[in-house]
Amino acid sequence: MYTKFAVILMLAVQVSVSQQVEIPIAVTNTVLDQQKSYVITVAANPKGTVELDTALGELEIPSLPPPAGVFIVYSIPPSKDFMWLSPIDIRPLELGKQHLVEYTIGMTWNAGKINVSWGPIPTLVDSAYIVDVVSDFPNNFIKVKLEPGKSYETINTAITKLKVLVWYNATSLSVQEQTSDIQVYPVPCADEIIVSNAPDGALFDVIDVSGAVISSGQIRQEMQAVSTTQLPSGMYLLRVFNNDGIVYLRKFLRQ
């Protein structure tokens with residue numbers, strides 16, 4: 001048995017983040033027949049810094065050790081002054097350049113197995129790898145390229161930190177600002193929300209304030225109905241991925 005993990009989700013992002021390149025990574029801890037999952041996103045943005053960017057969705061918490069027995073996932077910024085527990089870790093996207101960014105993901109777990117998986121890789125990413133934090137690329141003993149259909153899995157509870165290496169290529173086209181007319185209504189909602197003007201075929205997730213993905217689906221029509229009958233009252237985030245890997249975030253309130 002293990003207790004519910006605590007996470008913090010920033011819900012203030014309501015505009016298109018098309019200049020923000022994101023790779024959502026799902027970390028799942030399986031113990032016997034029980035699973036706990038958490039989605040953490042590594043990202044780069046022209047307005048991002050190596051420190052805390054609250055306006056872009058990062059959120060700081062004190063540097064306290066997590067309680068024993070809790071499955072928790074956290075990102076570690078390149079600073080000795082603080083750690084934060086955030087669903088998104090944003091670094092600078094250097095426009096006109098090809099550059100490498102290293103992210104460190106920490107995991108606190110004590111049983112079962114860990115599976116790390118991801119979705120499509122955005123256009124502005126040349127390549128990305130999950131590696132260990134002990135050795136240096138390309139000689140890491142853990143080295144898994146982020147490609148469709150692949151994942152990383154371990155039962156070694158001594159592995160509590162992994163690095164995500166992302167080679168960004170912002171020398172072309174797609175860093176141009178793009179607007180989005182995606183809307184979610186009514187807010188607050190009752191038994192469903194309507195998602196309008198999302199790209200046909202786009203994938204979406206409904207995420208609660210703990211960072212857990214509650215439901216997923218695909219946009220099939222211009223005004224897509226999404227059931228919320230299974231959701232308790234509270235704030236949620238709708239995350240929409242278009243076919244180019246661009247991510248749009250919209251918050252909504254379930255009555």
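Author: Let us begin with a definition: on a 1 Å grid over the protein atoms alone, a cavity is a set of points where a 1.4 Å probe fits but cannot get out, and lining residues have an atom within 4 Å of a point. Grid points are joined across faces, edges and corners, and a volume is the space filled by probe spheres set on the points. This is a predicted model, in which local features need pLDDT of at least 70 and side-chain atom pairs count only at pLDDT 80 or more, while totals for chains, interfaces and linings use all residues. Residues are numbered from 1 along each chain as its sequence is written, and side-chain values use heavy atoms, with hydrogens and water left out.

Reader: How many cavities of 30 Å³ or more does the search find?

Author: The search of the whole structure gives 2 cavities of that size. The second largest cavity holds about 40 Å³ of space.

Reader: Which residues line the second largest cavity?

Author: Its lining consists of Val27, Ile105, Met107, Val116, Ile130, Leu162 and Val164. Strands S5 and S10 each contribute at least two residues to that lining; strands (E, at least two residues) are DSSP runs, numbered from the N terminus.

Reader: Turning to electrostatics, how many salt bridges does the structure hold?

Author: There are 7 salt bridges, each being a side-chain nitrogen of Lys or Arg within 4 Å of a carboxyl oxygen of Asp or Glu. One of them joins Lys163 and Glu102 at 3.7 Å, N to O. Lys163 belongs to strand S10 (residues 161-169) and Glu102 to strand S5 (residues 98-108), 61 residues apart.

Reader: What about Asp191 and Arg254?

Author: Their side chains form a salt bridge of 3.7 Å, N to O. Asp191 is in the loop between strand S11 (183-185) and strand S12 (192-196), and Arg254 is in strand S17, 63 residues apart. Asp191 is partly exposed at 47%, while Arg254 is buried at 12%. Elsewhere, salt bridges that share partners join Lys145, Glu147 and Lys150 into one network.

Reader: And the aromatics: how many pairs does the structure hold?

Author: It holds 4 aromatic pairs. Rings of Phe, Tyr and Trp (its six-membered ring) pair if their centres lie within 6.5 Å; planes under 30 degrees apart count as stacked, over 60 as edge-to-face and the rest as tilted. The centres of the Tyr236 and Phe252 rings are 5.8 Å apart and their planes lie at 25°, so this pair is stacked. Tyr236 comes from strand S16 (residues 234-241) and Phe252 from strand S17 (residues 247-254), 16 residues apart. Tyr236 is buried at 5% relative accessibility, and Phe252 is buried at 1%.

Reader: Which residue has its charged end over the ring of Phe137?

Author: That is Lys143, 5.6 Å from the ring centre. The criterion is NZ of Lys or CZ of Arg within 6 Å of the ring centre and within 35 degrees of the ring normal. Phe137 also forms one aromatic cluster with Tyr129 and Trp167.

Methods:
Helix = DSSP H or I, 4+ residues; strand = E, 2+ residues; numbered from the N terminus. Buried < 20%, exposed > 50% of the residue type's maximum accessible area, 1.4 Å probe, protein only. 1 Å grid on protein atoms, 1.4 Å probe; cavity = no way out; pocket = protein on both sides within 12 Å on 5 of 7 lines; lining within 4 Å.
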